[in-house]
Amino acid sequence: MDVFEAINKRYSHKREFKDEPVPRETLKKIVQAGIQAPSGCNEQTTDFVIVDDPALIREIAAITERPFIKTAGAIIACIVNQRPVYRGLSFEVEDCSAAVENMLLSITALGYAAVWIEGNILVEGKPEKLNSLLKVPAPKYVRVLLPLGIPPEQGTQKEKKPFARRAWFNTYDG
Ligand SMILES: Cc1cc2nc3c(=O)[nH]c(=O)nc-3n(C[C@H](O)[C@H](O)[C@H](O)COP(=O)(O)O)c2cc1C
């Protein structure tokens with residue numbers, strides 16, 4: 001699958017997954033794609049915990065309050081580390097997001113599906129619970145979870161606004 005096909009096929013899978021594990025070699029390939037993402041000053045501030053223990057997957061799903069997540073074959077937890085890397089600026093969210101998109105496209109290209117879970121885990125004491133469960137030392141914390149697995153059927157990406165409403169050549173025309 002070429003990169004444009006993966007971009008078009010990627011969608012947020014928010015339903016149950018098939019009851020099939022994701023092989024560790026596949027998980028390593030996906031996370032390697034995340035590791036190869038660009039990062040501010042190449043500081044590579046994102047770390048990853050790859051969860052394939054079914055009991056841990058269930059505990060994470062309970063924290064997210066999204067029941068479908070307990071059916072994931074694996075969950076990739078993306079851990080950020082806020083520290084200034086250039087003139088006082090920190091880029092940990094951007095670094096993490098670049099890694100996440102690389103992984104989502106790789107997941108799609110390999111025939112799996114996933115969803116970017118962030119809003120569901122940054123509220124109501126959930127960062128502390130996830131840190132404790134995955135043994136992540138503060139001030140590092142889990143910024144994004146990617147539950148992934150085999151979809152029972154292929155889903156579709158949410159509709160996007162047309163090019164002409166979001167992009168222009170040379171000057172802004174919105
Ligand atoms: C920064 C960010 C945070 C997100 N957080 C969540 C989340 O917590 N829970 C969830 O179900 N989806 C989450 N999503 C997925 C979006 O709902 C989804 O990408 C959007 O509806 C567009 O659908 P598509 O991915 O199929 O194009 C998040 C996406 C992004 C980029």
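Me: Which residue in E2 is the bridge partner of Ile-50?
Reply: The partner of Ile-50 in E2 is Ile-76. Strands are DSSP runs of E with at least two residues and helices are runs of H or I with at least four residues, both numbered from the N terminus.

Me: What kind of model is this, and how are the residues numbered?
Reply: This is a predicted model, in which local features need pLDDT of at least 70 and side-chain atom pairs count only at pLDDT 80 or more, while totals for chains, interfaces and linings use all residues. Residues are numbered from 1 along each chain as its sequence is written.

Me: In what order do the strands of the sheet run?
Reply: The order is E1-E2-E4-E3, in an open sheet of 4 strands with antiparallel pairing. Two strands count as paired if DSSP finds at least two bridges between them. The edge strands, each pairing on one side only, are E1 (47-51) and E3 (113-114).

Me: How many bridges join each pair?
Reply: E1 and E2 are joined antiparallel by 5 bridges. Strand E2 (residues 74-80) and strand E4 (residues 141-149) also run antiparallel, with 7 bridges between them. The antiparallel pairing of E3 and E4 has 2 bridges.

Me: Which residues stand opposite each other along E4?
Reply: Val-144 in E4 is the bridge partner of Cys-78. Leu-146 in E4 stands opposite Ile-76, and Leu-148 in E4 stands opposite Ala-114.

Me: What about E4: how many of its residues are buried?
Reply: In E4, 9 of its 9 residues are buried, and the strand is mostly covered.

Me: Which residues is Arg-143 in contact with, its neighbours within four places in sequence left aside?
Reply: They are Cys-78, Ile-79, Val-80, Val-93, Cys-96 and Glu-118; contact requires C-beta atoms, placed from the backbone, within 7 Å. The C-alpha atoms of Arg-143 and Cys-78 are separated by 5.9 Å, although the two residues are 65 residues apart along the chain.

Me: On to the helices. How do the axes of H2 and H4 cross?
Reply: The axes of H2 and helix H4 (residues 92-109) come within 7 Å and cross at roughly 145°. Axes are lines fitted to C-alpha atoms, for helices over the stretch in contact, and angles run from 0 to 180 degrees between N-to-C directions.

Me: Is that crossing left-handed or right-handed?
Reply: The crossing of H2 and H4 is right-handed. A crossing is right-handed if the near helix is turned clockwise from the far one by less than a right angle, and left-handed if anticlockwise.

Me: Which residues of H2 and H4 meet?
Reply: Lys-29, Ile-30, Val-31, Ala-33 and Gly-34 in H2 meet Ala-99, Asn-102, Met-103, Ser-106 and Ile-107 in H4. By class, the contact has 6 nonpolar, 3 polar and 1 charged residues. Ala, Val, Leu, Ile, Met, Phe, Trp, Tyr, Cys and Pro count as nonpolar, Asp, Glu, Lys and Arg as charged, and the others, Gly among them, as polar.

Me: Where is there a cis peptide bond?
Reply: A cis peptide bond joins Ala-138 and Pro-139, with omega about 10°. Pro-139 is in the loop between helix H5 (126-134) and E4.

Me: What is phi of Arg-87, and what is phi of Glu-124?
Reply: Phi of Arg-87 is near 50°, a positive value in a residue other than glycine. Phi of Glu-124 is likewise near 50°. Arg-87 lies in the loop between E2 and H4, and Glu-124 lies in the loop between E3 and H5.

Key
Two residues are in contact if their C-beta atoms, placed from the backbone, lie within 7 Å. A residue is buried if 20 or more other C-beta atoms lie within 10 Å of its own, exposed if 12 or fewer, and partly exposed in between; C-beta atoms are placed from the backbone.
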